[in-house]
Amino acid sequence: MKNTLSSILNTASKKLEYIKNIDFTFEKPKSDEHGDLSTNLAMTLSKQLKKNPRQIAQEIIDSIEFDKNIVEKIEIAGPGFINFFFSHSYLSEKVKQIHAEKEVFGKSKKYQGKRANVEFVSANPTGPLTVGHGRNAVSGDTIANMLEWIGYEVDREYYFNNAGRQMRVLGDSVRLRYLELLGQQIDFPQDYYQGDYIKEIAKDIFVESGDKYISETAEGIFKERAEREIFKDIERTLKRLNIKHSIYFNENSLYEDGKIEALLKLFEEKGLSYQKDGATWLKFSELGNQQDKVIIKSTGEPTYRLPDIAYHVTKFDRNYDLIIDLFGSDHNATYPDVLAALKALGYETEKIKVLIHQFVTILQDGEIVKMSTRKANYITLDELNDEVGADVVRYFFNMRSISTHMNFDLNLAKKHSDENPVFYLQYAHARICSIIKTVKDQDINSSLENLDLLTTPEEIGLLKKLNHFEDEVLQSGESFEANRITSYLEELASAFHKFYTFSRILGTEKNLAEARLALAEASKIVIANGLKILGVSAPEKM
RNA sequence: GCCCCCGUAGCUCAGUAUGGAUAGAGCAGUAGUUUCCUAAACUAUUGGCCGGAGGUUCGAAUCCUCUCGGGGGUACCA
């Protein structure tokens, strides 16, 4: 729709100098009286041209050439909006396109040939994924889906770290539990991992090998075993949500491949690093950030910043056109340093989009549950999945903007109440499947020949909604906002339910019945495609 | 102290990028709809000083300043 209008408006550039090289923007007016699409172009131009916006709007309208078969009328309204009303034949033409394109309807080639990397989850294997990780996982995977729909070739990447203090503590937690099983008196530190899964891993080792590892260090078998088991669980949890990463990037490889060393050398050559108090510092204060930070501790161990920077260098080396980092707000202090360092090294940091999602607050029995992996006080993603199912989990996380602090009322989610709109969408889809089956039995087959018969307000409302799908997908993908898709689908389902209520297929004159069936089938395709983007199933029956 | 996010209807949230036309939706509430393709639906309706105060503008939920409230950060932890 927007493309069609852009090219129509461009015809005005033959007569109007100021229309040249303008990137037209359109919005969908809130009220139907204001047309199908609208632009505030004349109002924007009025400042620069110093003319009355309504007068500019009139000039534009007078200068454009358009086909009455596409645009029925153009109006100037309010302070200077130009409102466009599409013709019925243009709107119904979309039904033919949907029938022709089916499951690829809505896909765009705009970013064809471009490659994107979406890094998400990236939780270290220290325990089961929590509800908070769930938000990250679902958002990341859906963003990847949306990018694919607008033409990108996408890699889904998981970055993890199996060196460092965190994992050492994990290994030692298992070791202590193991010693406990051997009958030793242990002192289990408070800041160690308290969860039962630690005891289970220790028990497995004990059952298999007895006291064979009584003198083993934390870094050996204990850490290895814990990491392997926990990672396996994480992958299984993600798989339940239909999430699968294509690349697992291990921090260790950065050391093994000499990437860290090379980076350190580069910093030194460029005069960006210096030594102080036995540590190596990076001059972030000269790169526009608040203060210098340590990249190598006096103990010789790097801080997380150094491998993070090196890791992002590899993303640039892998030639992505778009690099997305998705993480929780607890990490919001780390990315300015990484970006500043990359920029100083000459990388095009504009390619990196850092998306930060806010925390999920869990309400259980009206009380906020404070979560901490270490204290084992959390609700796992698996538990949530058990309670409400993957469709609800995916839809729930997708329906809100990632920047919002989300309240997740467990009791409510468990209830399966009407408050969850995923059922509303799925029901619309199931209903259509049911109609198609019923009317096929009565020998009614959809036809694209008489779409001009679709003239009731409900039919036209549905046609209009279907016409917006491609624009919505594009806009969602470009802004990385899945909640645009969920809102759109809810409106589409609502338009369909209205159509269903007022436009019967059975008992209607044949040509009209066949046209209505074609419209219903088109709605089914679009709902299914939208749900596909979100990673939610489209059931045939409910 | 400083940085990031949030504050819009009883509840959960859109709308803020690019300022525009009477501020939207779902749920809850109220009143209705089914001899008829799935009532997990539909129709009508109640409900708002867009946290507050200034400012910019022909025009502000949207931009600027200040302020109040909530969350997350601010390590030689990740």
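Buried means under 20% relative accessible area, exposed means over 50%, and partly exposed is what falls in between (1.4 Å probe, protein chains only). Keep that in mind for the close-ups below.

This is a predicted model, where local features need pLDDT of at least 70, side-chain atom pairs count only at pLDDT 80 or more, and totals for chains, interfaces and linings use all residues. Residues are numbered from 1 along each chain as its sequence is written, chains are lettered from A and ligands numbered from 1 in the order in which they are written, and side-chain values use heavy atoms, with hydrogens and water left out.

View 1. A salt bridge here is a side-chain nitrogen of Lys or Arg within 4 Å of a carboxyl oxygen of Asp or Glu. R175 has 21% relative accessibility, so it counts as partly exposed, whereas D172 is buried at 14%. Helices (H or I, at least four residues) and strands (E, at least two) are DSSP runs, numbered from the N terminus.

**View 2. R225 and E208 joined across two helices.** Here the side chains meet in a salt bridge of 2.9 Å, N to O. Which of the two is buried and which exposed? R225 is buried, with a relative accessible area of 10%, while E208 is exposed at 54%. Elsewhere, salt bridges that share partners tie R168, E219, K223, K297 and E301 into one network.

**View 3. K51 meets E59.** This salt bridge spans 2.8 Å, N to O. K51 is partly exposed, at 29% relative accessibility, and E59 is partly exposed too, at 22%. The count for the model comes to 37 salt bridges.

**View 4. E157, a buried residue in strand β5.** The strand covers residues 153-160, and E157 has a relative accessible area of 0%. Its side chain makes a polar contact of 2.8 Å with the side chain of N117. (A polar contact is a pair of N or O atoms within 3.5 Å; within protein, one must be able to donate a hydrogen and the other to accept it, and residues adjacent in sequence count only if both atoms are side-chain atoms.) Leaving aside neighbours within four places in sequence, E157 has contacts (heavy atoms within 4.5 Å) that include E119, H245, Y311 and R318. I247 is 90 residues away in sequence, yet its C-alpha lies 4.7 Å from that of E157.

**View 5. Rings around Y158.** Rings of Phe, Tyr and Trp (its six-membered ring) pair if their centres lie within 6.5 Å; planes under 30 degrees apart count as stacked, over 60 as edge-to-face and the rest as tilted. The whole structure holds 21 aromatic pairs. One of them, Y158 with F160, is edge-to-face, at 6.4 Å centre to centre and 75° between the planes. Y158 is buried at 0% relative accessible area, and F160 is buried at 8%. The centres of Y158 and Y248 are 5.7 Å apart with planes at 35°, so that pair is tilted. It links distant parts of the chain, Y158 in strand β5 and Y248 in strand β6 (residues 247-250), 90 residues apart. Y248 is partly exposed, at 30%. Ring pairs join Y158, F160, F231 and Y248 into a cluster.
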